[in-house]
Amino acid sequence: MQRYLFPNDYMADPSVHVFNDRLYIYPSHDRDSGEAFDDDGGHFQMRDYHVLSLSGNPFEAAVTDHGVILDVNQVPWAEKQLWDSDVVEKDGLYYLIFSAKDYNGVFHLGVATSERPEGPFIPQKHPIRGSFSIDPCVFKDDDGSIYCYFGGLWGGQLQWYQSPEVLTKEGVDLGPAADRKTQLRCPADVPALPSFAVRMSDDVLQFAEAPRSVVILDVNGQPLKAGDPHRFFEASWMHKWGGKYFFSYSTGDSHLLCLAVGDNPYGPFRFQCELLQPVVGWTTHHSIVRYQNRWWLFHHDCVPSNDVTWLRSLKVKELPASLFE
Ligand code: FUB
């Protein structure tokens, strides 16, 4: 069974959390901007965020739209493209971490705060110092430490920020860091470009350290290769269960959602399985949440828009608990 959650509007990239026994969904808000499709996601011209919430069985419960919680015009440093976001709670404050392009066309991560999970959120004047790329996932560990997982290839610019060591692997020069198609041009048998994980500062407004590479290992304990259909592309998600850290992500141009597991928040993570087969539409992006003793996968597809890839619709399906045992 599965359900389209919000037929009234096009939304995508759901980050879902339980706050005060209620499910809060933080999606991207798709719109038809008239921009043509391109490999850098220029057609994703989102300008605001809403938050949705529900209480009860996600297959049936009424979904409340709490309206606009942040508009790009409120963010001094951001020009356009409010892409994926996520929210974490600390000491009664809610922190929305979001991705947007600055006036130079460069993606950064920003923070906005609210006293309520349904917002509205007040943005900081500047992006997080040293932040780059897209798709933040914020995860609070049992000891209260907060980590941000982020990064997305091609239009998400992740390939711009790899170190020379990463771009020159096994004696193979993968070319300049700013080459957005590095992953397409490079030999399939070199290690895939990694995403990043970073611990947040105590006030959740800055990185507390330099971001660290997130390595995903194959069944033989070797880093996944660039040509592997299970390699990371975007849409990081982290959840913890039974003392294990589950890192899930989208593989982008092979259109899968995958699950990997590790023993600590930084990884490495061992590839475990495919979570979702390709959906209608180019992108696939999700979150996993345990709610009322069941596991839920929130994601999107483009069935309702007849495969218009920048007009996506939110969906939910149940996952078997055995995935996380
Ligand atoms: O919504 C814009 C981008 O599309 C997201 O940041 C990616 O993860 C993909 O879903």
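Phe132 and Phe150 are both buried; buried means under 20% relative accessible area, exposed over 50% and partly exposed in between, with a 1.4 Å probe and protein chains only. The model is predicted, so local features need pLDDT of at least 70, side-chain atom pairs count only at pLDDT 80 or more, and totals for chains, interfaces and linings use all residues. Residues are numbered from 1 along each chain as its sequence is written, and side-chain values use heavy atoms, without hydrogens and water.

Phe132 and Phe150 also form an aromatic pair. Rings of Phe, Tyr and Trp (its six-membered ring) pair if their centres lie within 6.5 Å; planes under 30 degrees apart are stacked, over 60 edge-to-face, the rest tilted. Here the centres are 5.1 Å apart and the planes stand at 75 degrees, an edge-to-face pair. Phe132 lies in the loop between β10 (122–123) and β11, while Phe150 is in strand β12, 18 residues apart. Ring pairs join both to Trp160, Tyr161, Phe196 and Phe207 in a cluster.

Now follow strand β12. Strands (E, at least two residues) are DSSP runs, numbered from the N terminus, as are helices (H or I, at least four). Strands pair if DSSP finds at least two bridges between them. Four bridges join β12 (residues 146–150) to β11, and the two run antiparallel. In β12, Tyr149 is the bridge partner of Cys137. The open sheet has four strands in the order β11-β12-β15-β16. Its edge strands are β11 (137–140) and β16 (212–214), each pairing on one side only.
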